[in-house]
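Me: I would like to learn how to read salt bridges in a model. Please take me through the general idea and then the cases here.

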Amino acid sequence: MQKKNELKNNSKGRTIKRSLLAVSTVFVIGATTVSAQSSDHLSMFFEHGESGIIEHQHSSHISKVVSGIEMEIEETIIGGKSALIIVSFKKEDGTAFSDDIKVSTLELDWKQDVSYMVEQQMTEDHKKLITIFDIDTTKNIDGEKIKIMADHLVNRQTDKVIANGPFHISFEASESNTSRNIDTNINLTAFNEKLTLHTINISANGIGVEGTSQIGQTDELPKYIPVLKVTTLDNTTFELTSGSTSTTESGFKWQYNLDKNGERQLLNSENIKSVMIEGHIIEVTPE
């Protein structure tokens, strides 16, 4: 089985993504198919981790039909400067595709500094092609207009055109209602770096920690990335590591969304009591 990741970059900023989707917790992108029994397609990508921290999101259900193919925004998780967006393609008449298909080109069009990864997979019943965008940006996504662009649908093996595009769909991004931003002031010193952490965003997509360099560097990513510990309302504690590090307009952001085994997680952000970075505790939900 082959797993394919595509990293797109439309920015002067820099992003290091360590993993989009860990093989052990998601369906594998390639020739393998998966079942799609639920309208919540995010649950196809993420299993319940050891902490049971998956969270369902409301679907956007914005769609457009071109050449008999319906393109639809199925699911979104938007928190701060990160997002997961699931887009599907299906026949307007609801019948199955006769071929194992893929989108020959799939891109995000947004006039901001943005880096993203894309994966796509046909469902087991061959009625839908599901694609997922994993996005990091230099500014908050809420309220921004986002455009998803796709080229032709083609046979995965032969590249024969199955449906002519182009397919374009636009929508206004809306921050998930369980996302929250917390102001903080934490100073860290390690590896000859002096960093100040000032904002923490908590959403189902992970925990985004934003900061700046105390020596004024805005074009370099920090070499130091601490482990983050999460405590839930029932006093269970688990660790998260950073899945990506990216620049922002004023500094950098660590996006914590991997467990201790490097597997991608969704968080139940409403169940988080506090987070801890290098001994500094940030209260999230008051007792």
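Reply: Side chains of opposite charge can pair when their charged atoms come close. In this predicted model, D136 and K253 form such a salt bridge, with the closest N and O atoms 2.6 Å apart.

Me: Which parts of the chain does the pair of D136 and K253 link?

Reply: Distant ones: D136 sits in strand β9 and K253 in strand β19 (residues 252-258), 117 residues apart.

Me: Is D136 buried or exposed?

Reply: Buried means under 20% relative accessible area. D136 has 2% relative accessibility, so D136 counts as buried. K253 is buried too, with a relative accessible area of 2%.

Me: How many salt bridges does a search of the whole structure find?

Reply: The search finds eight. One of them joins K128 to E74, and the closest N and O atoms are 2.7 Å apart.

Me: Why does the pair of K128 and E74 tie together parts that are apart in sequence?

Reply: Look at where each residue lies. K128 is in the loop between β8 (114-122) and β9 (129-137), while E74 is in strand β4 (residues 69-79), so the parts tied together are 54 residues apart in sequence. Both K128 and E74 are buried.

Me: What is the N to O distance in the salt bridge of K139 and E144?

Reply: The side chains of K139 and E144 meet at 3.3 Å, N to O. Here the burial classes need a look at the cut-off, which is 20% for buried. K139 has a relative accessible area of 23%, so K139 is partly exposed. E144 has 18% and is therefore buried.

Methods:
Residues are numbered from 1 along each chain as its sequence is written. This is a predicted model: local features need pLDDT of at least 70, side-chain atom pairs count only at pLDDT 80 or more; totals for chains, interfaces and linings use all residues. Side-chain values use heavy atoms; hydrogens and water are left out. A salt bridge is a side-chain nitrogen of Lys or Arg within 4 Å of a carboxyl oxygen of Asp or Glu. Helices (H or I, at least four residues) and strands (E, at least two) are DSSP runs, numbered from the N terminus. Buried means under 20% relative accessible area, exposed over 50%, partly exposed in between (1.4 Å probe, protein chains only).
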